[in-house]
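This report walks through one structure, from its side-chain pairs to the way its chains meet. Please have the sequence and the coordinates open.

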2 protein chains.
Amino acid sequence: MANVYINGVGMTKFGNRKESLQQLMYEAVSMAIVDSRIENFDALYVGTMAPEAFLGISNISTAIADYCGLNKIPAIRIGDNPSAGGSAFLQSYFAVCSNIYENVLVVGGEKMTNISTKKASKILSGMLSENERNYGATATALAALVTRRYMHEYGLDRETLAMVAIKAHTNACHNPYAHFQKKITLEKILNSKIIASPLTIYDCSPISDGSSAIILSNIKNKNSIKVKGIGHATDYLAVHDRERITEFIATKIASRKAYEMAKITNPIKQTDVSELHDAFTIFEIINSEDLGFFKKGEGGIALKNGETEINGKIPINPSGGLKARGHAVGATGIAQICEIVWQLRGEAGKRQVNKPKIGLTHNIGGFGNNIIVTILEACT
Amino acid sequence: MANVYINGVGMTKFGNRKESLQQLMYEAVSMAIVDSRIENFDALYVGTMAPEAFLGISNISTAIADYCGLNKIPAIRIGDNPSAGGSAFLQSYFAVCSNIYENVLVVGGEKMTNISTKKASKILSGMLSENERNYGATATALAALVTRRYMHEYGLDRETLAMVAIKAHTNACHNPYAHFQKKITLEKILNSKIIASPLTIYDCSPISDGSSAIILSNIKNKNSIKVKGIGHATDYLAVHDRERITEFIATKIASRKAYEMAKITNPIKQTDVSELHDAFTIFEIINSEDLGFFKKGEGGIALKNGETEINGKIPINPSGGLKARGHAVGATGIAQICEIVWQLRGEAGKRQVNKPKIGLTHNIGGFGNNIIVTILEACT
């Protein structure tokens, strides 16, 4: 079992992009290649949720290999919905770890703004259980149910919930790749359009275009970031089949595996920075508890106390997260890893966390399903 | 790098099935579990081309984990078009090879007959280059171009080409899982409906429903079949970008890698049985040459001489191949492996090849793209 290193990262700005998915992926891939100084790859992994539905493109892995001038190498498409990026990373990790491949290029991306928000939301809702969809569930509606239940059980107030979005937008102001680089106020959040009560539009991550890329190798160089642990788990597809809706059991299982591999016994003490899947504001709070950073019901309190800010005890989403960096679904899991790599290298500019040694990413591929937790470590 | 073994296989009958994709996959998975006597899995890999387009189902990996009672384990969806099955096998191979997972369940499947053949063909054509599609190309039209060129260059006659289909149907008569279990005559082939001249309907693989499953482990048991070599490559997406259209360069690259890993230097002497991707009759001939079984232009002659029959020098598609066993796209790559496992175990009944020791599968995921070659070996 080989050690696996991240030797290059690249990313496009997220947002309403005019370019094609191929062009966006090319941009991220080129940047990662320049960053790594590696030019020959044993395989290309493409993580994307639904280019067929969004763009009418099938055979995306070969299309991207072609477009990037990487034809003839193995090109594989991984499509676990919004954790397509995280899954592509995991699979390429196995391929390098097995010592069969030496250098692998992993690219994630999605182009979604070319169709109406209504159509895009319908495609995104395809990841929910058919039974729940038939009764009118959407991801936002389910997130609203989870939020209400959480507020009831743990006494979270609306103002604290909004702080997830306020923090995200504040951090994203310093992220040149972020979809939104503008602060928002509590007043604006509370008075904006309600999507599913109590969630307003500012509690939901946006529909973004974008791409991110990573180069994985079994050889260390001076810039290398080591993959120290990785874990993956899923849950019942239907939310109504679960024992509790205020936690994601798949996060607990996936993180337990990742911590075990990374020999982490005290996550909040041993983790210096994290990027968590905040598709909705309540998710960041729940994730921070499921990952063992805070006790159940105390994620909101920690947020309120500033513990998850860039200069806090366990900075969460210095990039701005899905909420403000944006959520180009297939790109998200890889974008999270790019951010942690920049943080661990000390290259995150004004959003730099103070000398982090170990970082964590958490990517969800459904409503609490297909969750991948990755732990990265600075080599020096 | 661990040795990887196939410890269980399962398969549904291919054809026009009334069951849902979940039910079909459950049937194949159950059979593989019974066959392996393994009950606990570290992950589920799901290979399927387009359940979104065919069925409106997204998040298929979690849906199948749920349906099979395997929830909470990592569930991953791999979707490389018609080599989704082969790709899922390859990725699970890496995961076991890396020693991170011990037992992995891999299931492939597709449910396509619920929509019209016209709609299904449109979805399948999505794997071609957009540019070629815009000029009216379909997979069958491109296969017809390749056939004409091959006939011109190598003097293949129409009657010999038809023998691919005749052999496939003859073999499939002894395969209880085959879509078609009925012989066909040369006369019937030549007089049937022309799809794209010179190809008639009997030169094309059918649209089938079906599922197949495999259990991969790093522990050997008395039934184990060893994965001896595996290789993967792709080509330019557009056929017009290629230097020659009468060969698939990706087969050559993928098989070279697989042969190297398996220490095979003389494929025709060292391979005892094979399952090749005969989506169209011409493909079987071309594949048999690209894999190094025969010299360029001599695949048809070997076929005519009976060398690829069940009792020939290198039996090709004893299962009936895509042509007659059927082509439930995501299931195909795994169904090929199931057949080779049965052959190597001596469990193939009336289609049994004489005591094979080494078998080969070849799965294509596009028009000459995303090709995966696997070499399996009997352990005893």
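**A buried charged pair**

The model is predicted. Start inside chain A. Both Arg158(A) and Asp203(A) are buried. The two form a salt bridge, with 2.4 Å between the closest N and O atoms. Arg158(A) sits in helix α8 (residues 158-172) of chain A, and Asp203(A) sits in the loop between β6 (199-200) and β7 (210-217) of chain A, so the pair ties together parts 45 residues apart in sequence.

**Other salt bridges**

The count of salt bridges over all chains comes to 40. Side chains of opposite charge can pair when their charged atoms come close.

| Pair | N to O distance |
|---|---|
| Arg158(A) and Asp203(A) | 2.4 Å |
| Arg345(A) and Glu347(A) | 3.1 Å |
| Glu153(B) and Arg244(B) | 3.3 Å |
| Lys72(A) and Asp235(B) | 3.7 Å |

Arg345(A) has 15% relative accessibility and counts as buried. Glu347(A), at 41%, counts as partly exposed.

In chain B, Glu153(B) pairs with Arg244(B). The bridge links distant parts of the chain. Glu153(B) belongs to helix α7 (residues 139-154) of chain B, while Arg244(B) belongs to the loop between β8 (225-233) and α10 (249-262) of chain B. The two residues are 91 residues apart. Glu153(B) is partly exposed, with a relative accessible area of 31%. Arg244(B) is partly exposed too, at 33%.

In chain A, a network of salt bridges links Arg149(A), Glu153(A), Arg244(A), Glu247(A) and Lys252(A).

**A buried histidine**

Now turn to His179(A). This residue lies in the loop between α8 and α9 (186-191) of chain A. Is His179(A) buried or exposed? With a relative accessible area of 12%, under the 20% cut-off, His179(A) is buried. Its side chain makes a polar contact of 2.8 Å with that of Ser208(A).

**How the copies are related**

Next, the pair of chains. Two copies of a chain are related by a rotation about an axis and a shift along it.

**The interface**

The size of an interface is often given as the accessible area lost when the parts come together. Chain B and chain A bury about 4000 Å² between them. Of this, 53% is on carbon and sulfur atoms. On the side of chain B, Asn59(B), Lys72(B) and Phe94(B) lose the most area to chain A, together 17% of what that side buries. The contact takes 51 residues from chain B and 50 residues from chain A.

Between chain B and chain A, 30 residue pairs are in polar contact. In chain B, α3, β3 (75-78), α4 (84-97), β8 and α10 each supply at least two residues of the side that touches chain A. Helix α4(B) gives the most, with 7 residues. The residues of this side divide into 25 nonpolar, 18 polar and 8 charged.

How many salt bridges cross the interface of chain B and chain A? The rule finds 2. One salt bridge between the chains joins Lys72(A) to Asp235(B).

**Thr62(B) at the contact**

Thr62(B) lies in helix α3 (residues 60-67) of chain B. Thr62(B) is buried, with a relative accessible area of 0%. Its C-alpha is 5.9 Å from that of Ala75(B), 13 residues apart along the chain. Ala75(B) is also among the contacts of Thr62(B). From chain A, the contacts of Thr62(B) include Thr234(A), Asp235(A), Tyr236(A) and Leu237(A). Asn369(A) and Asn370(A) are in contact with Thr62(B) too. The side chains of Thr62(B) and Thr234(A) are joined by a polar contact of 2.9 Å.

Notes: Residues are numbered from 1 along each chain as its sequence is written. Chains are lettered from A and ligands numbered from 1 in the order in which they are written. This is a predicted model: local features need pLDDT of at least 70, side-chain atom pairs count only at pLDDT 80 or more; totals for chains, interfaces and linings use all residues. Side-chain values use heavy atoms; hydrogens and water are left out. A salt bridge is a side-chain nitrogen of Lys or Arg within 4 Å of a carboxyl oxygen of Asp or Glu. Helices (H or I, at least four residues) and strands (E, at least two) are DSSP runs, numbered from the N terminus. Buried means under 20% relative accessible area, exposed over 50%, partly exposed in between (1.4 Å probe, protein chains only). Contact means heavy atoms within 4.5 Å. A polar contact is a pair of N or O atoms within 3.5 Å; within protein, one must be able to donate a hydrogen and the other to accept it, and residues adjacent in sequence count only if both atoms are side-chain atoms. Buried area is the accessible area (1.4 Å probe) that two parts lose on being put together, summed over both. Ala, Val, Leu, Ile, Met, Phe, Trp, Tyr, Cys and Pro count as nonpolar, Asp, Glu, Lys and Arg as charged, and the others, Gly among them, as polar. Lists of a residue's contacts leave out its neighbours within four places in sequence.
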